[in-house]
Amino acid sequence: MTNLEFNKLSSFILTNYGIKLPITKKTMLEGRLQKRLRALNLFSFREYCDYVFSPEGQQTEVMQMIDVVTTNKIDFFREAVHFDFLSNNVLPKYCSSSFSAKPFKVWSAGCSTGEEPYTLAMVMSEFSEKYSGFDFNIFATDISGRALNAAAIAVYTKEKVSPVPYILKKKYLLKSKDEEKKTVRIIPELRTKVNFKRFNFLDSHQTFTQKFNVIFCRNVLIYFDRPTQEKVILSLCSKLESGGYLFLGHSESISNMNLPLVQIQPTTFKKI
Ligand SMILES: C[S@@+](CC[C@H](N)C(=O)[O-])C[C@H]1O[C@@H](n2cnc3c(N)ncnc32)[C@H](O)[C@@H]1O
């Protein structure tokens, strides 16, 4: 791949998806796009660029390219302190003050292959056993179609579900009938609580009207530059109910941004 081809692809990805690809990522991009070249029977990155920027490529190939470019690392109960705060503080407060018949709404923004929204579903399902009448639903979005397909199927290796506490494994995971497979699937009752949708934070045409009590947007902003991070957080704030909570990843900072949020604990913010 020439530097010119790399610059063309990386600036397109930055402008439309916010994902930074400095020149140091050129070898990574080349490696990851090799399988797209093979799948399309193309022999050079020049041909690939011509195709991806053609009207047909814009319709079909761009999403495939974004699938290979995104990093979807995610775990069940990742940064567990957030789930503890949700079940020990946010949910009890909600039930004692603003409790209504409407379901408690959570957005897992950048949900990757589903481990985060299913962790949320387990945590809130446990909570609902203690507070009768408490109900919830989870809206889970990502730009990667490949990740969203895996999330909707909800089948994970036993190794992947190892952070799930034993008691929750027993309740919410079904073992594959085929013992050799060593996989488990999230039970249907939990799967129906999560609604997956493809959503690009940078696409201003993609809007929805609903507001959320809690938004998890963790380990997504790290891929964006500072102005894009601020734009994305501001738009997340507009989707948060007043008094609602925003959770970010442990290495993400919003200091010095002009936002309607107060910090409650590291990486946990409340909308004012
Ligand atoms: C590292 S994963 C984070 C998963 C999870 N939130 C966690 O903390 O474990 C980052 C996710 O952000 C998604 N992403 C990157 N750019 C995006 C964009 N412009 N719009 C929506 N999602 C995006 C990626 O596809 C990826 O699945």
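1. Which residues does Arg-36 touch, not counting residues up to four places away in sequence? They are Tyr-48, Glu-61, Gln-64 and Val-68, with contact meaning heavy atoms within 4.5 Å.

2. A quick word on what you're looking at: this is a predicted model, where local features need pLDDT of at least 70, side-chain atom pairs count only at pLDDT 80 or more, and totals for chains, interfaces and linings use all residues. Residues are numbered from 1 along each chain as its sequence is written, and side-chain values use heavy atoms, with hydrogens and water left out.

3. Back to Arg-36, which sits in helix α2, residues 26-40 (helices are DSSP runs of H or I, at least four residues, numbered from the N terminus). Arg-36 counts as buried because its relative accessibility is 15%, and buried means under 20% relative accessible area with a 1.4 Å probe, protein chains only. Tyr-48 is 12 residues apart from Arg-36 along the chain, and their C-alpha atoms are separated by 8.6 Å.

4. Now the ligand. It has 22 residues around it, and the closest are Asn-72, Arg-78, Gly-110, Asp-142 and Asn-219; being near here takes a heavy atom within 4 Å.

5. Some polar contacts are worth a look (pairs of N or O atoms within 3.5 Å). Arg-78 has a polar side-chain atom 2.6 Å from an oxygen atom of the ligand. For Asn-200, an N or O atom in the side chain is 3.0 Å from a ligand nitrogen atom. Ile-143 uses a polar backbone atom instead, 3.4 Å from a nitrogen atom of the ligand.

Terms used
Helices (H or I, at least four residues) and strands (E, at least two) are DSSP runs, numbered from the N terminus. Buried means under 20% relative accessible area, exposed over 50%, partly exposed in between (1.4 Å probe, protein chains only). A polar contact is a pair of N or O atoms within 3.5 Å; within protein, one must be able to donate a hydrogen and the other to accept it, and residues adjacent in sequence count only if both atoms are side-chain atoms.
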